[in-house]
Amino acid sequence: MKARPAAWVLFLAALFGCLQLANVTGRDTPDSRNYLSYALSLGGADKTQAADRSIAYVCASRGETASRNHSVDVRRFRAPDPGPGIRAECDRYYHWSVGRRLDAGQTSGWTAPFMSERFMRIFEVRPGYPLLLLPFVTVFGVTWGLWAAGVCVAAAGGVLVFLVLRTLDVPVGPALAGQALYYVLPTGVTAMRPMTEGTMLALTLAALWGCALVLRGRRAGPVVALSLALLFTVKHSQALFLAVCLAGACCVIGVHRRRSGRPVGDAVKTLLKVTVGAAAGTVLLARLLHYPSESDSLQDLLTDHFFRPDRERPWREFLHLEVNFWIEWLRRQLAEPLFLVLVGAGVWAALRARPAFGVLLVGAASTGVLSMAAHPDIAIDRLMVMAWLAAVVGVPLWWAGDDFRPGRPYPFPSLTRRLRPRTPTGGLSLRAGGGAPKGLRSSPRP
């Protein structure tokens with residue numbers, strides 16, 4: 001007997017989680033310590049306790065990573081393991097730097113003072129991800145809590161890919177392939193890291209799922225609005241990018257339909273209202289709450305996180321860096337064109353198979369390009385991860401080809417209740433090359 005689709009979805013998610021046991025630590029970045037200390041402070045720890053536990057995690061991870069790299073170094077693997085020494089040095093440095101700032105009175109906010117107060121303000125306005133971490137680190141501790149949170153967030157992203165594809169009437173096989181692609185492409189690796197990108201990916205997919213439901217005639221505008229609202233708590237700049245890009249996609253769809261002599265449609269109008277309202281609300285709320293502005297972000301980029309004096313002409317330097325960045329980025333992509341090929345194929349397949357949704361998918365994927373353009377650092381490729389969604393969702397549409405079999409997207413059968421097509425006058429549509437089906441009237445149903 002064949003397994004139900006839900007069983008396969010859960011199997012892929014569980015398999016992905018089991019594979020992640022190979023790397024419980026070693027995924028952190030310099031920003032991970034800020035989110036972790038934020039979560040620990042929300043759990044009741046004071047600044048010193050939050051700093052100590054965050055430092056212990058970060059330094060243990062760096063020591064273990066150094067030990068792994070040393071074990072496979074063909075020139076130094078016979079030498080003593082440097083891991084314990086690196087861990088001790090890391091521990092001494094962070095306790096000294098954090099202690100110095102605490103003694104100087106830098107105790108405001110929720111994050112431990114790993115950097116200047118001006119820099120830490122950037123993380124203070126992102127409570128969504130620390131709130132997500134809080135139950136995990138409380139129940140499982142820091143190391144296993146961060147790992148478990150990463151597995152749940154990444155697994156949820158894959159499940160959302162499956163739901164999006166099934167809502168588009170993609171057969172179960174290609175929909176499961178989309179879920180698997182999410183796990184094996186950089187989306188899965190990035191979602192597992194103790195950073196905001198995994199949560200941002202999941203919420204972006206939730207918004208796309210809501211868009212797909214609205215295009216299918218469902219009243220799912222609140223799903224899109226809720227996804228954007230939650231995304232605001234995780235990273236308000238990404239919420240703004242997504243709302244603006246989806247609104248722009250709706251405008252493109254509407255203009256194209258008008259030029260083709262077709263009505264824009266209630267679904268597109270609904271999505272346009274939701275996304276424009278979300279964009280305006282994001283800007284207004286960020287101003288009211290005095291969130292760091294684009295000028296602060298620009299100075300952070302150009303002054304190495306405020307270690308250097310502010311630049312007098314930041315926009316001129318930024319534009320110069322921007323041009324250099326994209327030239328170098330394109331050169332590297334042409335040398336290894338997997339990203340360009342898969343994303344291009346996904347965009348082409350989505351626009352061909354589901355034109356309206358394809359435009360929305362391109363809009364969502366474009367937020368990766370905007371994020372990268374706003375922070376053109378060639379060493380931080382994770383900012384481009386949203387662009388991979390075009391491949392994750394689009395390639396299964398290519399695989400499905402013309403074999404779309406309208407069905408009920410599991411596990412919400414009521415979401416795709418099929419309505420019989422009607423003619424422009426309200427009657428039932430006619431068969432190609434023939435009259436009305438025998439026994440059926442062409443008058444409208446009551």
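Biologist: Why is Val9 called buried?

Modeller: A residue is buried at under 20% relative accessible area, exposed at over 50% and partly exposed in between (1.4 Å probe, protein chains only). Val9 has a relative accessible area of 7%, so it counts as buried. The model is predicted: local features need pLDDT of at least 70, side-chain atom pairs count only at pLDDT 80 or more, and totals for chains, interfaces and linings use all residues. Numbering starts from 1 along each chain as its sequence is written, and side-chain values use heavy atoms, without hydrogens and water.

Biologist: In which helix is Val9, and what does Val9 touch beyond four places in sequence?

Modeller: Val9 is in helix α1 (residues 5-19); helices (H or I, at least four residues) and strands (E, at least two) are DSSP runs, numbered from the N terminus. A contact needs heavy atoms within 4.5 Å. Beyond four places in sequence, Val9 touches Val159, Phe162, Leu176 and Gln179. Val9 and Ala180 are 171 residues apart in sequence, with 9.3 Å from C-alpha to C-alpha.

Biologist: What makes Cys59 and Cys90 a disulfide?

Modeller: The cut-off is a pair of cysteine sulfur atoms within 2.5 Å. The S to S distance of Cys59 and Cys90 is 2.1 Å, and they are joined by a disulfide. The pair links distant parts of the chain, 31 residues apart: Cys59 is in helix α3 (residues 47-71) and Cys90 in helix α4 (residues 83-103). The angle about the S-S bond is -75°, and the link of Cys59 and Cys90 is left-handed. At 1%, Cys59 is buried, and Cys90 is buried at 9%.

Biologist: What makes the pair of Phe119 and Phe123 edge-to-face?

Modeller: Rings of Phe, Tyr and Trp (its six-membered ring) pair if their centres lie within 6.5 Å; planes under 30 degrees apart are stacked, over 60 edge-to-face, and the rest tilted. The structure holds 18 aromatic pairs. Phe119 and Phe123 have 5.3 Å centre to centre and 70° between the planes, an edge-to-face pair. They are 4 residues apart in helix α5 (residues 117-124), so about one helical turn separates them.

Biologist: Why does the pair of Phe232 and Tyr291 tie together parts that are apart in sequence?

Modeller: The two rings are stacked, at 5.7 Å centre to centre with 15° between the planes. Phe232 lies in helix α11 (residues 221-234) and Tyr291 in the loop between α13 (266-288) and α14, so the pair ties together parts 59 residues apart in sequence. Phe232 is buried at 10%, and Tyr291 is buried at 15%.

Biologist: How do you know that Arg126 sits over the ring of Phe123?

Modeller: A charge sits over a ring if NZ of Lys or CZ of Arg is within 6 Å of the ring centre and within 35 degrees of the ring normal. The charged end of Arg126 is 5.4 Å from the centre of the Phe123 ring and sits over it. Arg100 lies over the face of Trp96, at 4.8 Å from the ring centre.
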